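The sequence and model come next.

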Amino acid sequence: MVLLEHMRNILPVVQHTFRQRYFHTSAIMNKVQSGRYKITLNKDKPLTYEMANPPHYLAHRKSWNAWNTSNIKDGNRPSETAIEDMFIRQFMTGTWHNLFATEVIIKRQHNIVRIAGIVTRTIAPYKIYFLTGYTEELLSYWLQCPVKIELVTIDSKKDMIFKYI
């Protein structure tokens, strides 16, 4: 009986310490930091146009990079589309080794897959034409849909620098 009285007296104290110990509060920080590049001391880090745009401008300035009609609501094949996009990026990186100055942009419109990007002019034009045809043919066969490659060429990767931070 004495033990039961003792437990009744001690139980509120234990519950109070648990509430104190496991409930933490802190001040709100309205600092938006994700998706931004850190400024260097010498301002010598080069950024391309896509990298220089902060995340809140994604829908306004870079929406043309994200046309994808198969991921719309109730669209078919969203998981297959993600796997195919990963495969296309890996294939383009391996086939066009060290030629792309930007990331590979994949646009899906109806049943056509359009692959866009900016490449450097470090190889002869006839090799670029061969790689374009080779890539279109193989990807069309593997993906079972028409594939179109849209390229723009530049002299060097330094031409892609938009600003330094």
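**Aromatic residues in a predicted model**

Phe130 is exposed, at a relative accessible area of 55% (buried is under 20%, exposed over 50%, partly exposed in between; 1.4 Å probe, protein chains only). The model is predicted: local features need pLDDT of at least 70 and side-chain atom pairs pLDDT 80 or more, while totals for chains, interfaces and linings use all residues. Residues are numbered from 1 along each chain as its sequence is written, and side-chain values use heavy atoms, without hydrogens and water.

Fold
- The chain has 5 helices and 5 strands (DSSP runs, numbered from the N terminus: H or I of at least four residues, E of at least two).
- From the N terminus, the order of elements is α-β-α-α-α-β-β-α-β-β.
- Of the 165 residues in the chain, 27% are buried.

Aromatic pairs
- The structure holds 7 aromatic pairs (ring centres of Phe, Tyr and Trp, the last by its six-membered ring, within 6.5 Å; planes under 30 degrees apart are stacked, over 60 edge-to-face, the rest tilted).
- One of them, Phe91 with Trp142, is edge-to-face, at 5.5 Å centre to centre and 90 degrees between the planes.
- Phe91 lies in helix H4 (residues 78–95) and Trp142 in helix H5, so this pair ties together parts 51 residues apart in sequence.
- Phe91 is buried at 12% relative accessible area, whereas Trp142 is partly exposed at 43%.
- Phe130 and Tyr134 are stacked, 5.8 Å centre to centre with 20 degrees between the planes.
- Both Phe130 and Tyr134 lie in helix H5, 4 residues apart, about one turn of the helix.
- Tyr134 is partly exposed, at 36% relative accessibility.

Cluster
- Ring pairs link Phe87, Phe91, Phe130, Tyr134 and Trp142 into a cluster.
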